[in-house]
Structures are given as C-alpha cells and as structure tokens.
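Here is a short tour for anyone opening this entry for the first time. Keep the picture in view and follow along.

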Amino acid sequence: MNSKQEKIPDWLKKGYENIWLPYNQMQISPLPLPVVDAEGCKIKLADGRELVDGIASWWTTCHGYKHPTIIKAIKEQADKLPHIMFGGLAHEPAYQLSNKLVEIAPKGLSRVFFSDSGSTAVEVAMKMAAQYWINKGDKKKNRFICFKNSYHGDTMGAMSVSDPEQGMHKHFSSYMPMQYAVDIPIDEYGFADFKELIKGVKKNIAALIMEPLVQCAGGMKFHSTDILAEIKKICRENEILFIADEIATGFGRTGMMFACQEAGITPDIMCIGKALTGGTIGLAATLATDEIFKAFLSDKVENAFMHGPTYMANPLATAAALASVSLFEKEHRLKEVEAIESNLNTMLDKCRSLKQVKEVRVKGAIGVVQLKEPNYQKLLELRKAFVNEGAWIRPIEDVVYLMPPLVISKDELNFLTDTIYKVLEK
Ligand SMILES: *Cc1c(COP(=O)(O)O)cnc(C)c1O
C-alpha cells in the first residue's frame, strides 16, 4: 500500500488540492490514475502499468491513441494556423470538413454548423429547431419530446431533454425547461399511446430528439431500426422535426457510419461529436437539411441563426477531424466494426452463464453485460478489479460495457472479454 502511494506523482498530489473533477464525490473517491502516455489501445500509467482501453476514452478514440495520420495533421495545422475566429474569416480545414461530413452523412443533410462539445451541438440543434418554427411564423412550437433513459449532455437545454429521473441531472429539475419525456414505443400499444400523445401536444412541439438505435449513457439500451424509422415517420406526419443525436453512435460505432443510415432515414437535424476528431481535440457539429437551412434565409437580419461559439470550427480540431474521417475509408474501419461485432458475440457469450448477469447484448462495436443488481459500492469495486487486471472498463450503474477503439486486435478484445468474465465470476 505504502509503496504504491509513494508512486503518486507530485503534480497529482499538488494539483488535487485545486482541481474539481466531473461527476465525482471527491471526499470518498480514490485518486484518478496518473497517465503518462497512450498508444493504440493501451493507456500507460505513471507506475509503469498498462491498461487495455475498453471504452476508448469516453467513446472517442476510434482509431486508437496517437494515430500517426491525425497527429501529423494537427502538427502541420499548428505550424500553419492554430486558430482564427470564424466570424468574417474563413480557413480551409473547416470548409473542407463541411463538404466531407455532408458526403458521409445520411443523404439530404447539407449544412454543417460547428461547435466545441456534444452538449453544445445539442443546444444548437434545439435552438435551430425552435428558431425554424419562429422564422416560419409559428411561435408556439417551442417544446421538445425526448425519451426516458436518454442522455444528450450537461448544459441546460441538453439536460432538459435527458432522462428526468436519472441521478445525473435531478438537482436541476426546478429551473430546467419542461419537456415531454416518454418511453420509446416498442410495440403496437406503445405506438398507439405515442401517437395519442403526439396528437395532443404537437401544436407546441418543435422537435423530437433521440439517440438512434442505442441509448448510450442511459444504460446502453438498444431498439430496432423499424422502431427508429417508425418514430421518424410519425414526426414527419405531425410536423415535428426529428433530431438525431449521433454523438455516441456516429462514426461506425453501431455498424454503419451513422445509425440513421441503418434505418434508411435522414433526420432533419443531426448532432455529432465524440469520435469526430478521433479522440484528439474537442469538436462537434450540428447538421441540417436544406429544408431547415432555407427557413433561415431571408432579407431580415434577425432570421439568421443566432449562435456562435468563440472557438467554433477551430482549425486544429477541423484538421484532426478531416484526417480522422479519411481513415475510415483508408483503413476500412467499418469492416473492423463488423469483425468486432461478431467477436463480441462469441466472446461475451460465456458471461450469460454467470449468476449475477441478467443479459448480454451486442450491437456493432458495443458489447453489454447487464447485471442483475445495481449497487454503487459494487460499481467502485468492479472498477478497481478491472484496473487490477489491466483493463480500463468503467461500468455505468448495472451495465458493464465495452466500446473499444475500432482498431482493437482480436487478442486485446479477447483479453477484455476474458477479464469481464473473470472479474464477474468472483
Ligand atoms: C456524450 C454525449 C453528449 C454530450 O457530449 P459532450 O461532448 O460531453 O458535451 C450528448 N449526447 C450523447 C448521445 C452523448 O453520448
């Protein structure tokens, strides 16, 4: 114990007196682990240990850490132009990236609005939807429909459309705008109720927002492409805009480049972030169709879209994103996702026999082992046990999941799934 504590670097001990960590009860939580390097799928700790990353740094490092193509792009851009404001001035990587994103996005999305985090991309989507109706002369359509178990970010608008009962945001319910949070309809009866609700409230609804195919932070819950396509259709029939939050599902995670493509739908507005720069620099974007964009064209200045983050479309970040997107084609990332899906199906199968396991499910490069009883103490113990085995796996509540870098080797994946089995068996 003592020898381990001596290995805590000075900067960590000293900085811990001043730093404030996210979603962390700092009075009881252990110190975070000091990282000195990361490469491929491995995180290197200050004491020399290595962890295989099973969750790709909050689902971002799709090409692994320090992919040379992205590092090179960032370095070259840093020498040329690390930043320039986006109002009145233009730079090449952002404009090229907008072309590239439209090329790979579901057909019909034609405009790209950049921002710096996923939460902001969601705020932008919600403001776009609300102002779309205002510009069309309808001031009543300013509320949103969202789904239980969804997570759309930590800022005010994004929180308001995230699961209202989830611990993460419940303190703030009194000053958040009220939205309509409902269950995702999964059968005939669910859809009948859902349509009934829509009929009653559609006059006040700007848009529906959802995470297509997989609700990620809310518990890695899956729904079918048919359900997704049907919800989209109901929105269209009832003059409700459809916002797809692909911040977690985008860039191959669920199988295709974007989850909406698997259901054959084009959302009116789509949010992307997380893996957009391959896990190197914060960047997000909100994409919209021509139909949405055209509602903002007018001879009235105030009809322009009213939003603009200071570091919008940062050149380093957009150059990194261009490099990251190019790797999907050059290195056949989606083929790798297929292999991961089939490997996860085989490798996680044995977890089904464990006493505390309720369900095992796999979608694309997402593998989920759902436990029977959620328990905070057990969660902390599990996290520690995984690290002791050399795996970076962070269960959320009752869900042990893998969302590894898409470049993970079969051996590394096998190591992660074996570790899950080994730790849960105890
Ligand atoms: C992570 C996430 C967000 C928020 O993104 P940040 O970059 O953390 O602000 C929003 N929506 C979904 C689906 C996410 O997974």
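## Around the ligand

Let's start with Lys274: one of its polar side-chain atoms sits 2.6 Å from an oxygen atom of the ligand. Keep in mind that what you're looking at is a predicted model. On its own the ligand would expose 390 Å², and the protein buries 83% of that.

In the side chain of Ser119, an N or O atom is 2.6 Å from an oxygen atom of the ligand.

## The nonpolar cores

Now for the inside of the protein. In soluble globular proteins, nonpolar side chains tend to be buried together. Here, the largest nonpolar core has 118 residues. Those with the most contacts inside it are Leu101, Leu208, Ile231, Phe251, Val369 and Ile420. Helix 6, which covers residues 118–135, gives this core its largest share, nine residues.

Which residues does Leu208 touch, if you skip those up to four places away in sequence? The list runs Ile145, Phe147, Phe194, Ile231, Cys235, Ile240, Leu241, Phe242 and Ile243. There's also a second, separate core of seven residues, with Ile70, Ala73, Ile74 and Leu327 among them.

## Thr417, tucked into a helix

Is Thr417 buried or exposed? Its relative accessibility is 0%, and buried means under 20%, so Thr417 counts as buried. You'll find Thr417 in helix 15, which spans residues 410–425. Apart from neighbours within four places in sequence, Thr417 is in contact with Leu344, Met347, Leu348 and Leu402.

## Leu89, out on a loop

For Leu89, look at the loop between helix 4 (68–80) and helix 5 (92–104). Leu89 has a relative accessible area of 40%, which falls between the 20% limit for buried and the 50% limit for exposed, so Leu89 is partly exposed.

Methods:
Residues numbered from 1 in each chain as written. Predicted model: local features only at pLDDT ≥ 70, side-chain atom pairs only at ≥ 80, totals over all residues. Heavy atoms only, no water. Polar contact = N/O pair within 3.5 Å; in protein donor to acceptor, adjacent residues only side chain to side chain. Areas by Shrake-Rupley, 256 points an atom, 1.4 Å probe, with all protein chains shown as cover. Core = buried A, V, L, I, M, F, W, Y, C linked by side-chain atoms within 4.5 Å. Buried < 20%, exposed > 50% of the residue type's maximum accessible area, 1.4 Å probe, protein only. Helix = DSSP H or I, 4+ residues; strand = E, 2+ residues; numbered from the N terminus. Contact = heavy atoms within 4.5 Å.
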